[in-house]
Every structure is written in structure tokens, then in C-alpha cells.
Amino acid sequence: MEQPSRLAVLGAGHVGPVIARLAIRAGYRVAIATSGDPEDIALITELVIPGAQPRWAADAVADAGIVVLAIPLHRFLDIGPGVLNGKLVVDAMNYWPASDGALKAFEAGGSSEIVAERLAGSTVVKALNHIGYHELEDRARPAGTPDRRAAGVAGDDPAAAAAIVGLLDRMGYEPVRLESLRAGRVLQPGSPVFGAVLTPADFRRAVREDARSLT
Amino acid sequence: MTYTFGLDTFGDRNGGTDGTPLSHAQTIRNVVEEGVFAEQAGVDFFGIGEHHTDYFPMPAGDVVLAAIAARTDRIRLGSAVTVLSSDDPVRVFQRYSTLNAVSGGRAEVILGRGSSIESFPLFGYDLADYEELFEEKATLFAELLKGGPVTWEGKTRAPLLSQDVVPHTESGPFPAWIGVGGSPQSVVRAARLGFSLMLAIIGGPPARFAVYSELFQRALDKFGRAPLPVGVHSPGHVAATDQQAKAEFWPRWRDIIALVAEERGFAIPTEESFDWETGPHGALYVGSPETVAQKIATNLRALGATRFDLKYGMPGLTHEQLGTNIELYGRQVIPRVRQLLG
């Protein structure tokens, strides 16, 4: 399948600019947006994400084949679900109560499953949430490099997951496919792959062991 | 170029020589001694970071700084950081302008969150409100620093109407920084409000922060402000040799990161990652005076920074080990960095 070439990153905090830079290097046309005026992030974009285009969120989303959510999870609750209708959405957010506080809406179940429920008109894939933003760029390596590290891709829709497998591969990670959003719970805070940057073999082993511990 | 070199502590609970932890009270008394000793060793700044845990029993650093002020003449004294979001900006201003009075004008404040989150539930704040709390309170703090009557209204505390907030400072605002961990929007906020920028670099390659330094100066210009200093805060440990410094620091660092990792649910770092962080491209300054000095000089240059604060200590290190660290940092590292930066 042909890879979508336009990508929108929502969020210009710690994580969004890092993902945007990796996507630009991977050959995507990248727009970045916050909840506010693109003028407010013009200087940030020029210096920190050269090559990206600051836009209003609705415009960035409308033109994008892939939308990456890189905002604090509590801010996600402010997004009207209709804005993302028909889109392939990468959920790079985390429900991390020990670090960001508890949220009632996310207490029951995997955070990306709850995101997908709220975005019923979108196709949600969980990825790019489990490697720390301070390491994500530094550890990226082209395909075939011996010390290339693994990154998980979890989704219920095979075509959508395949597109994100392609995105991660181009960004510099060995994609490891998890068969559903439910299975993607293994990428969440508290799991052995969260905050680690593992080789594909170690990553698969950690996922298997974690899956066993859940049964 | 004038460079400033500081030491920061979180009140890391000391280990005794037999390995058992010292009491909170003894650790705090030791911090007072360490601050006094830092001045004797030639350090320019001594900072205390707010924490509320058994391993960092340091919720009221300003009280400790006042004790150090009474026994010193020259060293600058400040927070590193004050968790402003869960505090009252008026009280923070009052405590540090009081410290400024006690110390004869040596107070500073670094505002931020650090990685500290314990103060939110302790004081009844919701971590999800962090952004709004910090934005409002930092804005009010910038107003308070100007001196004179303050009029302010917001959602996070009672309004102020032409309020005279005492004690007044004798010679204008004391230095105030915002500590930033890597969000470009936080860098722009510091510039917009007129705070200096303290880059907290605790993992990953420091060079990736160079763009934030440029962003800060460009943003200051955009907001019509004069240039302001950029500083770096990073953890480390200095001992006679690289080997000794790493041997002393690694088990303490591993234990504390493992504890935090368990509390917050992320993977525990390996010795391999520690070796990388203490190497030439990592964020930790662990080694002999020469190793640490070279790394500081390289990164200050790369980041366009004029201030370096070494966060010394780790829970479990002894008061004696910390004393050696302070002495080597003050008497060997700082002069060597000044020499390297010419």
C-alpha cells in the first residue's frame, strides 16, 4: 500500500517536536499544531523543527494522511472527536498517573482503547509512546544497522497498522507489530518496555513475558 | 564573559559510614555545613531543590539557606527548584526576599517543577492542572519581582489590588530563573515573562539543548527584551579518579532511579546506560576533576551558557564523600573550566 506522505503532529511540547523532526527526516511533509494560533509556535517551528509548517490544528488535520497525538492526555479530552473523523491517528500519549496525575476517564482499561472509543470515526494505532523523548532521536538508526532498536505498533486495523509500521521503519526503528490495541497495553507505563530502548530480540522477549504475566 | 558555577542539592539523605541512613535532621544540618564549605571552596552559588520524600527530606530549603547565609559572606543562595505550581507566589516572593535581606542581597530563585510531583497531592493540587497553575503563578511572580504595588487577578489564588508585598528588596529584583526540561514552549514562556533560562539536563545528549538557547535569545528579542543568561543544571559526582567517582555514584544512582522507576512505572536503567551518560556525550558529570571540567567547558560552549550548577550527592553517599566532591569541584574543577573557557 502507498504510504501517506502528509503528517500532522498535534502538540509542541516535549514530544511533538521530536516526532516531527524524525518524520521530516523520514521524508514526510509535516505540519505541527497546538490548540492555539500557529503564530505562537512560528519561532519554535523555525528553529526547533526546521522544515515543518505551523498551522491551525483543523487545517493540519484536514490535509494529513496521518495525525500524531502528542499532547498531554488530559488535553485530549478537550478535542472534539469529529475533528479527527476519517483519519489514521497515532496515539503517542500515555496515561501515567504517577507522573501526570489521575484521570477518571482513563481508569478502566488501556489508554489507547479509550482514545479509540472517543475517536469512533478515526482509526487509532498506538505507537511512539514508550521511548523517552530525550532518547527517541538519538537512538534512531536506518534499517540494517546492527544496533537498531525496536518500537511497538499496536492496532486493530491491519492496513492502518501497516502504514505506521512503514512510518517507524523510515523513522529509524525496527517495528514490532502487536495484533490489537488491547495487546498494546504492553507498551504502557509500568511495563518492562516502557522507558527502555530495547533491541528487537529483547523487546519481543519482554512483550512475551509481560503477556504471560497477564494471563 | 563572566561564568558562574554553582552546586545544587535536593537534601539527599546521607548514608552513615556503616551504610545506615542518617536521620532527616542530621542530613539537613549536614547541608548547612556543605553550603558553608562550598563558599570556602570557592563555589559561586549554592542551591536547594524542593522535595518531599524520605530520600530527599527537603521541603523548606529557604530555611536552610537562611542558616547558610548567617555563616557566609559571598556565596549566592537560591532554590533549585521551587515547585511554584503547588506554592503561593506571594509567599515564595516573601520567603526569598526575606532571604535576600538576611544574606545582604545574595538570594536567587529558580522556578519549575523538576521531576518532583509529590507536592501536588500533599498540598491538594491536581497534577493535570500543572500547566495552568505554572503559567498563572509564574506571571504573578514576574509582577511581584518588579517591586511596588501589585494588581493581579486569576483563577489559582485570591486577587491582589494595589497590594504592597513586603519585604521590599534594597536594589531591585533578585535573579530569577525558570527551570526547563526540554519543552520549547517553556523556553518561550521564560523569555516572554523575562526570566533567565536554566536548562535541566538529566539524561540524553546535552548538545540537543543548544537550539533552546538560541530559541530563548530569539524569543527575548521578539518580546523586546534584553539578552538574559542561560544556565545548565545537571547531576554528577567528583572524586579523585574517574573510577572512584563512578564506583561511589553508580550504586546510589541505580538505587534511586530504580525506586523512582518503580514508583512511576518505567524501566530501570542498566549499567550500560550509566556508562553512556557518564561518557563524553551523556548528561552525567561523574569523574575526576579533569574529566568533569572538560565536559562542563565543552557543554557550556555548545549551549551558549554562562552558568553551570552541578547537582551533587545522591541518597546514601556520606557527608565525607560529599565534602570531597565539594572541595574538588570548588578548588579544581571551577578554576580548570575557567581556564579552558579562557
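Two residues are taken to be in contact if their C-beta atoms, placed from the backbone, lie within 7 Å. The structure is a predicted model, in which local features need pLDDT of at least 70 and side-chain atom pairs count only at pLDDT 80 or more, while totals for chains, interfaces and linings use all residues. Residues are numbered from 1 along each chain as its sequence is written, and chains are lettered from A and ligands numbered from 1 in the order in which they are written.

Chain B contains eleven helices and twelve strands, assigned as DSSP runs numbered from the N terminus (helices, H or I, at least four residues; strands, E, at least two). With a radius of gyration of 19 Å, close to the 20 Å that the globule rule gives for 342 residues, chain B is as compact as a globular protein of that length. This radius is taken over C-alpha atoms, and the globule rule is 2.2 Å times the number of residues to the power 0.38. Along the principal axes, the C-alpha atoms of chain B fill a box of roughly 60 × 45 × 40 Å. Of the 342 residues in chain B, 49% are buried (buried: 20 or more other C-beta atoms within 10 Å of the residue's own; exposed: 12 or fewer; partly exposed: in between; C-beta atoms placed from the backbone). Among contacts in chain B between residues at least 6 apart in sequence, 73% join residues at least 24 apart.

Within chain B, B:Gly78 lies in strand S3 (residues 76–79). B:Gly78 is buried, with 29 other C-beta atoms within 10 Å. When neighbours within four places in sequence are left aside, the contacts of B:Gly78 are B:Phe45, B:Gly47, B:Ala107, B:Glu108, B:Val109 and B:Ile110. B:Leu193 is 115 residues from B:Gly78 in sequence, and the C-alpha to C-alpha distance of this pair is 19 Å.

Chain A has nine helices and eight strands. Its radius of gyration is 16 Å, close to the 17 Å that the globule rule gives for 215 residues, so chain A is as compact as a globular protein of that length. The C-alpha atoms of chain A fill a box of roughly 50 × 40 × 35 Å, taken along the principal axes. Buried residues account for 50% of the 215 residues in chain A.

At the interface, 24 residues of chain A are in contact with 24 residues of chain B. On the chain A side, two or more residues each come from helix H2 (42–48), helix H5 (97–100) and helix H7 (133–136). H2(A) gives the largest share of this side, four residues.
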